[in-house]
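Subject: The structure I promised you

Hi,

Here is the structure we talked about, ready for you to open in your viewer. Have a look around, then read on for what turned up in it.

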Amino acid sequence: MKGDIRVVTGEAEGLPETPSHLRDKPERYRTLYRLLKELLASERLGGLFADFHAVVGVPVAILDLDGNVLASSRWQRICTEFHRATGGTRERCIESDTELANQLQAGREFTLYRCRNGLTDCASPVIVDGHHIANLFIGQFLLQTPDPDFFSRQAAEFGFSLDDYLAALSEVPVVRETRVPTIMAFLVHFAQLIASLALERLEAHRHAHDAEEARAALQRAHQELEERVRERTADLQEKARQLAAEVAERRKAEDSLTEAQRLAHLGNWELDLIGNHLRWSDEIYRIFEIDPSRFEASYEAFLATIHPDDRGAVDQAFRDSVERHAPYEIVHRLRMADGRVKYVRERGRTLYEEGRAVRSVGTVQEITAEREAAEALRRAKEEAEGANLAKSEFLATMSHEIRTPMNAILGMAELLEESALDEEQRKYVAVFQRAGNTLLELINDILDLSKVEAGQFELDHTPFDLPALVEGAAEILALRAREKALELEARIDPAVPRYLLGDAKRLRQVLVNLLGNAIKFTHRGRIGVEVKIERSEPTGTRLRFEVSDTGDGIDADKLETIFQPFTQADSSVTRRHGGTGLGLTICRRLVEMMDGTIRVESEPGIGSLFTFTAYFPLASLIPEEQVAGDDDEQLRGTRVLLVDDNATNRAIFGEMLEKSGCRVHAVADCRSGFAELRRALAADEPYQLAILDYHMPIHDGLHMVEELRAAPDLGALPVIMLSSDDRREVLVRARELNLRYLIKPIKRRDLLSAAGRALAEWRQTDGVAGGGPLRILLAEDSEDNAILVRAFLKESGHTLEVVEDGKQALARVQAAPFDLVLMDMQMPVMDGYAATRAIRRWEREQGRRPLPILALTAYALEGDDRKSLEAGCDDHLTKPLSRRKLLESVARYQRSG
């Protein structure tokens, strides 16, 4: 190509009759040139140029090899008014044109060139019948968003008006690199189309023999050409439409991606590791609150945006990822210009070519809101836990503060009842005993409900005998039913499994509450409890419990509210029956904890039917028989010697006894048993019960009993004999030695009942009567309770000394000998827990024998007994105390005289 492009700005500009580059060309070449010019003068072909420009947004032109414009769409204003109108920029345009032409002359199918003016052209040769006749140009356009700084400097350099120049620049289309291959393909096909059409014209011209035939052939060729132009035009228009649709779809996808990233606060990035160039999506700039025009897009610039305390960790994570060929993820902070801190989660991985790291890609997501929400949740959890703890402490305090005076009230009532009273006085005492017990039931109900609502209530999961439990619940209330001449019936479907896993105590509590209510509100007729299977499963069963009565019934409008706290079916001021309205609420919560539901059907004057369901797994082992509560109380703290040569039996019987509070020591033969009894006597820790196996090596159990009876200091020790031998002569010998004799296999209930009866008989004879009085220290800050304990012990012969707090108790134990300490656990200055721990620590330091300490507490919460035992107490009594309970507990620590 020679010289500059001649731009056609008007209707047309006359071209030289014979362009300079044609003068040396052969006739055939000149003919082809002329035919091409005629072809390009077609209106349809000119419209195609305009359609392409309108759809793609890029000008198109065909120039001959002298730079003459043969056909074109509208030129870019930045070209006509600035770059080709000024000397310095025009030289750059000529340089671009020349380079494009040279590359096409070298035989390239197409070429792309970015001139020094900052814009890009592409071109393809028009070759007709093997002759390079002209070039097809597309341009100028931009491959990326223009750099304002570059074009501002160029405007200043060549004296352009900056505003006009930038306005012209804004008209230049930006073509994404992904679209260039499509445009180039179009360019080549279009150039080939022009050449093909020109060649067809040549062929038509060659075959015209005379003017008429030539005109006819030309006409036909022209018509065919027009038709082909129409077809090709339609084809190109369709391709242009598809290209426009593709461009629109890509833009739509990009817009959707941008919107999705904005909603997710997620941006993507790419780092060129060779050139250290960083590319961020718009969302990352928004997250980092950075102006893209003021950001140096490099790795170092990115590190500078990170919080100083996190910068090293982020850099190390990135470098480790590159070195290990593994993705990375890290959460770090950003410090904003105004001092605010944001949290982001960064993920990335590195791409390699031939083992060399070339670029890294990844995402950044802002998670500040999530972190703040997590922190708020953590604070709320801590506050809730604090509130729960405060509620627990409040419950414990209220239990203590209410039960402490209740202890004095009920205890004094018990003492008054045992004194010489006339009939009227006895009625008065009975009144405040009933009132006190009612108040105690209220306290227990409130504590139960509070524990359930505070989530501190857990059900046991132990084997139990269902028929025994149901019959036992009915037996508890049988006396009250008989007093009102009511029939009380209990029926269990034979198909109901006998042994289940669950919380027997709480199931009994629900049944007793429902049966108690039925008795309370029924004045004639019957009360019934029935158990049926609602659904059976391989590993468990869902049971249906029905408690029915023929009582007052409940109004329909009260049925939905009776399970609410402090709500009763009869809430009028004239109601006949008392109560707090908490019983059914507690029942409902307990049933729900057993994975069941409770409901009621009732008709006033006819009666009520309470129904509840509960799920229980089947017990894989037959549960041990439950021992009566009186036996447990009687055995608690008892020192028992177990002699059996069978290790398995020692473990089984030892566990049975320890579960009832006994302190058990086991040995394997009679000689070891005697030695242990002597050692305990010498240490002033005598055993209160001996349990012997009959069959043992060397000497049998009966032989050991005979030796015990012959020993003055051991002869009164209660003994129980265990044996699988039921021969008459053995049983006769056992009766002669006044033994309780149990035949194996032995149930836990039988063993503990025998132990309880043996201890009771011993205490009525040698045990209590023969034991000397104890010197007892009472640590109690309540004067009323101190008076009560003194009154309970008044006729026992024991000596009682009272102090008001744990610090005084510690001082008295260190200063004087005592046989037993009764320790209130809630006292000022130093509480009972701290005092007990201090006493045990002093005993260890002095090498002293542990002094028995009995905990007295008004708490009734789960774990209170464990808490006192962990502090070092030997046993635990809950207020309010009864005289019998206190004396029995003290008797367990009374030594033989």
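In helix α17, the buried residues are Gly583, Leu584, Thr585, Ile586, Cys587, Arg588, Arg589, Leu590 and Val591. That is 9 of the 11 residues of α17, so the helix is largely enclosed by the rest of the structure. Bear in mind as you look that this is a predicted model.

Which helix does α17 meet? Its partner in one crossing is α16: the axes of α16 (residues 504-520) and α17 (residues 583-593) come within 10 Å and cross at roughly 145 degrees. The crossing is left-handed. On the α16 side, the contact is made by Arg506, Gln509, Val510, Asn513, Leu514 and Asn517. On the α17 side, you'll find Gly583, Leu584, Ile586, Cys587, Leu590 and Val591. If you sort the residues of this contact by type, you get 7 nonpolar, 4 polar and 1 charged.

Most residues other than glycine have a negative phi. Asn276 is not a glycine, yet its phi is positive, about 55 degrees. You'll find Asn276 in the loop between β6 (266-272) and β7 (277-280). Ala485 also has a positive phi, near 60 degrees, and is a residue other than glycine. Look for Ala485 in the loop between α15 (478-483) and β12 (487-492).

Are these two buried or exposed? Asn276 has a relative accessibility of 30%, so it counts as partly exposed. Ala485 has a relative accessible area of 65%, and is therefore exposed.

Now for the cysteines. A disulfide is a covalent bond between the sulfur atoms of two cysteines. How many disulfides does a search of the whole structure find? The count is 0. Cys587, from the helix contact above, is at 2% relative accessibility and so counts as buried. Cys662 is buried too, with a relative accessible area of 6%.

Glu38 sits in helix α1 (residues 27-40), and at 36% relative accessibility it counts as partly exposed. Glu38 and Leu70 are 32 residues apart along the chain, while their C-alpha atoms are separated by 9.6 Å.

Zooming out, the chain has 28 helices and 27 strands. Of its 897 residues, 45% are buried. If you take contacts between residues at least 6 apart in sequence, 66% of them join residues at least 24 apart.

Finally, how confident is the predictor? The average pLDDT of the chain is 79, and 82% of the residues score at least 70. Two stretches have pLDDT below 50: residues 1-14 and residues 624-630. Beyond near neighbours in sequence, residues 1-14 have 36 contacts in the model, and residues 624-630 have 12.

Happy exploring, and send me your questions!

Note on methods. Residues are numbered from 1 along each chain as its sequence is written. This is a predicted model: local features need pLDDT of at least 70, side-chain atom pairs count only at pLDDT 80 or more; totals for chains, interfaces and linings use all residues. Side-chain values use heavy atoms; hydrogens and water are left out. pLDDT is the predictor's confidence in each residue, from 0 to 100. Contact means heavy atoms within 4.5 Å. A disulfide is a pair of cysteine sulfur atoms within 2.5 Å. Buried means under 20% relative accessible area, exposed over 50%, partly exposed in between (1.4 Å probe, protein chains only). Helices (H or I, at least four residues) and strands (E, at least two) are DSSP runs, numbered from the N terminus. Axes are lines fitted to C-alpha atoms, for helices over the stretch in contact, and angles run from 0 to 180 degrees between N-to-C directions. A crossing is left-handed if the near helix is turned anticlockwise from the far one by less than a right angle, and right-handed if clockwise. Ala, Val, Leu, Ile, Met, Phe, Trp, Tyr, Cys and Pro count as nonpolar, Asp, Glu, Lys and Arg as charged, and the others, Gly among them, as polar.
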